[in-house]
Amino acid sequence: MEMWFSEFHTPDVKLSIRMNKQLYSVESDYQRIDIFETPEFGRVLTLDGNVMLTERDEFIYDEMITHIPMAVHKEAKTILVIGAGDGGVVRELTRYDRVERIDLVEMDPAVVEACRAYLPSNASRMDDARVHIYFEHALKFIRRCENTYDLIIVDSSDPYGPSEGYFTREFYGNCFNALKEDGIMVNQQGSPFYQEDAEAMKRSHKRIASTFPISRVYQAHIPTYAAGYWLFGFASKKYHPIDDLDVEAWKALNLKTRYYTTRLHKGAFYLPAFLEEMLEEVER
């Protein structure tokens with residue numbers, strides 16, 4: 001008998017992935033965590049029935065949320081990562097020798113435990129000496145920080161349930177205060193394709209744009225996410241994501257990537273007409 005995992009993207013659209021077996025399942029204090037083995041996407045992590053990552057395409061998300069800001073802010077050394085308990089963002093950040101400290105704030109210890117056991121390719125650098133893990137709610141953690149970080153990466157799940165607070169005006173304001181005078185914040189902004197997702201994206205962008213002097217949206221194509229089309233937010237106190245990109249400096253680092261390139265970096269900020277119209281509407 002065939003077994004399938006299905007995630008509804010809308011009431012009328014769902015993504016189904018055939019699975020070989022379920023490797024892990026637990027109901028934590030915050031959410032249900034499942035890990036499946038699949039023939040097409042390798043191991044798949046889901047939270048409350050929603051795909052967070054697959055071994056096949058996680059590199060796209062993790063490279064784009066990490067290398068875009070790191071290529072712009074050449075002096076980013078002290079970094080806060082919110083969510084990302086799987087370890088993929090931490091893995092990418094530790095590839096930079098200049099990074100001195102990474103504070104990872106993950107509210108659910110069970111996510112880290114599961115990924116250490118079943119997704120070691122993601123969690124491989126969680127024990128790096130520069131990484132400090134805090135198991136608490138980032139909304140409380142961030143309120144205690146002021147002028148502390150060069151970069152904040154908000155790798156949360158979608159703006160519903162446990163992660164809803166990471167998409168509020170108050171949270172973005174706290175991130176602004178926690179950044180140094182030339183700091184950058186990046187976050188996942190969901191998909192703009194389906195109506196409910198698009199409305200959530202517009203609310204988030206409006207709040208970020210009213211908080212930071214520089215606010216842009218960029219895109220990536222991730223097969224297992226809604227519509228295969230995903231957005232990220234780039235918010236900064238000083239740096240422009242394209243004008244302040246130093247292509248030669250980043251290339252000199254000799255970091256091998258599978259998705260990110262400096263050419264793609266620029267292109268990711270050139271958006272389709274329907275999305276430009278959405279963003280212009282909320283920015284007005």
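Which residues does M64 touch, not counting residues up to four places away in sequence? Before I answer, please bear in mind that this is a predicted model, in which local features need pLDDT of at least 70 and side-chain atom pairs count only at pLDDT 80 or more, while totals for chains, interfaces and linings use all residues. Residues are numbered from 1 along each chain as its sequence is written, and side-chain values use heavy atoms, with hydrogens and water left out.

With contact meaning heavy atoms within 4.5 Å, M64 touches P69, Y218, Q219, A220, F232, Y259, Y260, L264 and A268. In the largest nonpolar core, which has 46 residues, M64, Y218 and F232 touch the most other members. By nonpolar core I mean a set of buried Ala, Val, Leu, Ile, Met, Phe, Trp, Tyr and Cys residues joined through side-chain atoms within 4.5 Å, and by buried I mean under 20% relative accessible area, with exposed being over 50% and partly exposed in between, for a 1.4 Å probe and protein chains only. The largest share of this core, nine residues, comes from α1. A second, separate core of 23 residues includes I82, V154, Y172 and M185.

Staying with helix α1, which covers residues 58–72, we find T66 there; helices (H or I, at least four residues) and strands (E, at least two) are DSSP runs, numbered from the N terminus. T66 counts as buried because its relative accessibility is 0%. Leaving aside its neighbours within four places in sequence, T66 is in contact with V89, E92, L93 and I153.

Let me turn to the sheets. Seven strands form an open sheet of mixed pairing, in the order β9-β8-β7-β10-β11-β13-β12, where two strands pair if DSSP finds at least two bridges between them. The edge strands are β9 (131–134) and β12 (214–220), each of which pairs on one side only. On average, neighbouring strands of this sheet are turned by 15° against each other, direction ignored; axes are lines fitted to C-alpha atoms, for helices over the stretch in contact, and angles run from 0 to 180 degrees between N-to-C directions. Strand β8, residues 101–105, pairs with β9 in the parallel sense over four bridges, and the bridge partner of V105 in β9 is Y134. Helix α7 (residues 195–209) packs on this sheet, where it touches β11 (179–190), β12 and β13 (230–236), and its direction makes about 170° with that of β11.

The other sheet I want to show is an open, antiparallel one of four strands, in the order β3-β4-β5-β6. Because β3 (21–27) and β6 (50–54) stand at the edges with a single partner strand each, one side of each is left without a neighbour in the sheet. Strand β4 (residues 32–38) is joined to strand β5 (residues 42–47) by six bridges, and T38 stands opposite G42 in β5.

Across β3, β4 and β5 lies helix α3, residues 109–118, running at about 15° to β4. Which residues of α3 are buried? They are A110, V111, V112, A114 and C115, and what covers them includes β3, β4, β5 and α4 (120–123). At the start of α3, a side-chain oxygen of D108 reaches to within 3.0 Å of the backbone nitrogen of A110.

Finally, the charged pairs. Taking a salt bridge as a side-chain nitrogen of Lys or Arg within 4 Å of a carboxyl oxygen of Asp or Glu, the count comes to 17 salt bridges. R43 forms one with E37, the closest N and O atoms being 3.1 Å apart; R43 counts as partly exposed at 23% relative accessibility, whereas E37, at 19%, counts as buried. The side chains of E199 and K202 also meet in a salt bridge, at 3.2 Å from N to O, and both residues lie in helix α7, three residues apart, about one turn of the helix. In general, an α-helix has 3.6 residues a turn, so residues three or four places apart point the same way. K202 counts as buried at 11% relative accessibility, and E199 as partly exposed at 30%. Lastly, E58, D62, R91, E92 and R95 are linked in a network of salt bridges.

Definitions and conventions
A polar contact is a pair of N or O atoms within 3.5 Å; within protein, one must be able to donate a hydrogen and the other to accept it, and residues adjacent in sequence count only if both atoms are side-chain atoms.
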